Amino acid sequence: MSALARPELRWSALLGLWALVGAVLWILAVQAFLIVLNPFCHVQRPGLAQVQVVAVDRDPQSQLTDFVTVKAGEAERVLTLTKAEAADLRVDEEVWILDAWYADGLRPAQFRLTPLRLLLEYPVLLLLPAAFGLWRVRKARLKAQAAPPPPVRRTFTDDFHLRAQRFAKPEPPKEAPPQENPDGQDSQG
């Protein structure tokens, strides 16, 4: 029996999953609100890339970001990463970079790829496990509400009756019906 078949656990799981869906929708609404309010914001194509660090330069104009020059294949490009992430990078180090789906002058346009950063930038990905969890809870609820299978009936016979059957009259053998030959004559005579 599944743990989700118990109503207390099922309701707790449902509450947690719907709270997760609500949090994701709230984050998406806040992101959309900030994009609408910021006139310098533009949507860019999201992406992942494995790059090699060429140089890390300080951005004196920004308190949040620094410039990082990277090489992807033969092409070089300049990224804007957070100061903490840029300080952790070393020249000739290969790292995975996540491009944000929108960029503005205030926040970085790229980040180091980590599971937390991926979920913060793309919270919609959390809706997939939430949908799977809701499906499992629903399936467990339907299984718990289904009619229980009929009980198995067992007939117990005690030793007295088994011993008594030894002395019972044997049943007469059943006579086989007469069989006909293919040429139409009886097989008896």
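Two strands are taken to pair if DSSP finds at least two bridges between them, and helices (H or I, at least four residues) and strands (E, at least two) are DSSP runs numbered from the N terminus. The model is a predicted one, in which local features need pLDDT of at least 70 and side-chain atom pairs count only at pLDDT 80 or more, whereas totals for chains, interfaces and linings use all residues. Residues are numbered from 1 along each chain as its sequence is written, and side-chain values use heavy atoms, with hydrogens and water left out.

Strand 2 (residues 47–57) runs antiparallel to strand 5 (residues 94–99), to which 6 bridges join it, and L48 has L98 of strand 5 as its bridge partner. Strand 5 also pairs in the antiparallel sense with strand 7 (residues 110–112), over 3 bridges, with R112 of strand 7 as the bridge partner of I97.

I97 also belongs to the largest nonpolar core, whose 10 residues are V51, V53, V68, V70, L79, L81, A86, L89, V95 and I97; such a core is a set of buried Ala, Val, Leu, Ile, Met, Phe, Trp, Tyr and Cys residues joined through side-chain atoms within 4.5 Å, where buried means under 20% relative accessible area, exposed over 50%, and partly exposed in between (1.4 Å probe, protein chains only). Two or more residues of this core come from each of strand 2, strand 3 (65–72), strand 4 (75–82) and strand 5. A second, separate core of 5 residues includes L17, V21, A130 and L134.

I27, which is found in helix 1 (residues 7–37), counts as partly exposed because its relative accessibility is 34%.
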